[in-house]
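I opened the model to look up a few backbone and packing details. My entries follow in the order I made them.

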Amino acid sequence: MAKPERLAVIGNGMAGVACVEQVLRHQRKFQITIFGDETHVNYNRILLSSVLAGERNVDEITINDWDWYRSNGIELRAGVRVVGIDSQAKALTGDDGSVTEFDKLIIATGSSPFVPPIDGVDKDGVFTFRNLDDTRGLLERSRPGAKAVVIGGGLLGLEAARGLQVQGCDVSVVHLADWLMERQLDAAGGRYLAHKMENLGVRVLCGANTARLRGNGRVEGVELRDGRVLDADLVVVAAGIRPNAAIGKTAGLEVRRGIVVDDFLRTSHPDIFAVGECVEHRGQLFGLVAPLIEQGKVLAATLAGAETAAFEASVPAAKLKIMGVDVFSAGDVRDDQEGVECVRYEDPALGIYKKLVLRDNRLQGVVLVGDAADSRRYADWLKTGEDLSAQRRSLLFPEPLGDGGLDVAQMPNAETVCGCNGVSKGDIIEAIHAKGVNTLAQLKECTRAATGCGSCTGLCESLLKAVAPEFEEESKKVLCGCVPFSQEQLREIIRTQRLKSVQEVLDVYGNGFGCQTCKPALSYLVDVIWCGDHAEDRSARFINDRVHANIQNDGTFSVVPRMRGGVTSPAELRKIADVAEKYQVRMVKVTGSQRLDLLGVKKEDLPKIWAELGMPSGQAYTKGVRMVKTCVGTDFCRFGTQNSIDTGIELERRLENLYTPHKFKMAVVGCPRNCAEATVKDVGLIGQEGSWQVVVGGAAGKGVRKADLLITVETTPQALEAAELFFQYYRENANYLERSYDFVERLGMEKVRKETVYAPEGKQQALLERLRKSKERSYDAWLERDRPSDPTQFVQIQPLEQPMPQEATA
């Protein structure tokens, strides 16, 4: 059997590895070696801003992990830079002294950040924003209140600005051109984008030339040529990129601005090829992902000896989401040329700008800011060159197609849907048919489509609707008419635009005042997204949360003090008895959760009862952590195998006072006899000889559901951590008012385990860190703060004519 040819790849980035993925699909086999400057596996550079913003960790942006390289027989030389190519001997020299021979070579060295010759650019605290190491350096320096200056208002600079702002930095963008993203937008579009960014708290200075960076060894400020000085604790230089083409010169290849390639990605040497941002094709350079993926497909077919169409650069187009603002630009958007017409629409209040450039009634260029819903239609018109004479009256607002599926039906299978990850229409159809994908969440997990900037989400949903037989449009499930977005969309809006109050969300994206349906949900979302670091608006909460007690059918309230693990003391019991007698509490009842409930309390007596009890709130009134029920375990039970009381108290202490999408009940039992009913709780810890079972998603209400096994662990700390991981994952991903048992059934336990107890360590630590931050900012509503200053808030209300439907306090 013939020995496979040796294929060497210089570059472990998105373009090079995407090409290798395509090579693996062909019958012709190669012995593949990949060289990468960085010590990391292949990751999605487009999502670095999400890592900088704290929305994703490194594991979540990894495209191909180590197992992928091993399973495909690929040798990855991570951290080895190729310093020379001997094209005659067909050998590479690494900076570690190694020499590697090849039969075929792919150069995919990408691009490097352009750093202008600014005085002081070498100071400590000055960064570029191009790779993971840059991102980690920025994360170490960024902090709330830090002054950050981004030099460069192109896409990369704006993404850096967004990430730093989410970290709490005071961000300024300094841009040499007269408007932002001048290569993609016209002056008006750039101004609209700048206005949007300034409304979100980012200072934008266009037409500003940086003279020097101030500071003694460490950067302290940015001085502009007009004399203005901006304070700076850190500076990001994002002034553009340049092709990494120098290695091509060592091989004697033709190099101009980039490594010159033909229509099949061949260089001037017949066995050396190039792909990605390092190439120059017909005088054109490339910086967006979609054409790089197409290059990889053509090159893979060329290497395999398969018939393939030549690579042809499509009309330059960019569909992006910048700080939550939809932006689409395609074609030639200049309107100062002879023979062109310009059609515009502007709405400053909504921040929407549309511009179409036509020549002879055919679309030549388009700019959309704030509303890119029709970008697909415009892209088709650009590609086909269709005569638009008949559509002149509706160009800016195209009439909907009679056939809702025509748009996606007209797309060829090879067309890229997700430019961030190079996912084509054919990839999505294959996932639907071969893997049973029928929801957007499943599609994201299976193909990575719509996990980048998110601008292709609508097109992905259209494909699912057209192809998947059981597709349900998740994004159409709007929260309510006051704020017509889904909870998933609202999470993205709140996070990317740093909205920290319910009123901000309603003012910008809603009707300005909200209702009893959306305001409590928005309260929860801003709380969990910002880990408690938000502007709390008590008026947006349910009545129970506003007065920290559970309203009853006669207008009185119940008071349930917290007794961690169901354990109390004689002193606490005396306090409860004294308070019950003093305030003529109508009933004291033992609840099903091992607590004491004081029923029939007048509203105006609530603050005095809290003060005299001196006990923490049991949160029996809220969508939050209710309690942890325990059995006596090894302390007293002759069957006990684990210390359920101490474990239950610790679990309750770790999670108390935190809000959840719905009420959250837990139990810890010391043996499988399950006396505290752990198998019908949201989280249950079941002690066994030498181990714990952690179960989730149980229910004992109108419907009984046995909890699912999350994991079995050996130690108590491991059991507590597993419970915390599920708890925080549920908080962040469940819909508001979705119980944990509905949540685990919707996602499936396999996914829940993969995202929690089986997740990479980095992802687990990120979940736990966000939980820690939320816990640090939580407080006890009865004891620590949030006491009302207005005594009229606790005036007795009249009994309800028709009792409100309320859940039991247990």
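I began at Gly 305, which takes a positive phi of about 75° just after H9. Helices (H or I, at least four residues) and strands (E, at least two) are DSSP runs, numbered from the N terminus. The model is predicted, so I noted the limits: local features need pLDDT of at least 70, side-chain atom pairs count only at pLDDT 80 or more, and totals for chains, interfaces and linings use all residues. Residues are numbered from 1 along each chain as its sequence is written, and side-chain values use heavy atoms, with hydrogens and water left out.

I then checked the length of H9. Helix H9 (residues 289-304) has 16 residues and should span 22 Å at 1.5 Å a residue; its end C-alpha atoms are 23 Å apart, which agrees. The expected span is 1.5 Å times one less than the number of residues. H9 is mostly covered, with 13 of its 16 residues buried. Buried means under 20% relative accessible area, exposed over 50%, and partly exposed in between (1.4 Å probe, protein chains only).

Most residues other than glycine have a negative phi. Asn 361 has a positive phi of about 65° and sits in the loop between strand E26 (352-359) and strand E27 (362-369). Asn 674 has a positive phi of about 60° and is found in the loop between strand E37 (664-669) and strand E38 (683-688).

Are these two asparagines buried or exposed? Asn 361 is partly exposed, at a relative accessible area of 22%. Asn 674 counts as buried, at 19% relative accessibility.

I turned to the domains, whose bounds come from an automatic or database domain assignment. I noted the C-alpha centres of domain 3 and domain 6 as 54 Å apart. The residue ranges are 317-399 for domain 3 and 547-785 for domain 6.

Last, I looked up cavities. A cavity is a set of points on a 1 Å grid over the protein atoms alone where a 1.4 Å probe fits but cannot get out; lining residues have an atom within 4 Å of a point. Points are joined across faces, edges and corners, and a volume is the space filled by probe spheres set on them.

I found three cavities of 30 Å³ or more. At least three lining residues come from each of domain 5 (478-541) and domain 6 (547-785).

Note on methods:
On a 1 Å grid over the protein atoms alone, a cavity is a set of points where a 1.4 Å probe fits but cannot get out, and a pocket is an open set with protein on both sides within 12 Å along at least five of seven lines; lining residues have an atom within 4 Å of a point.
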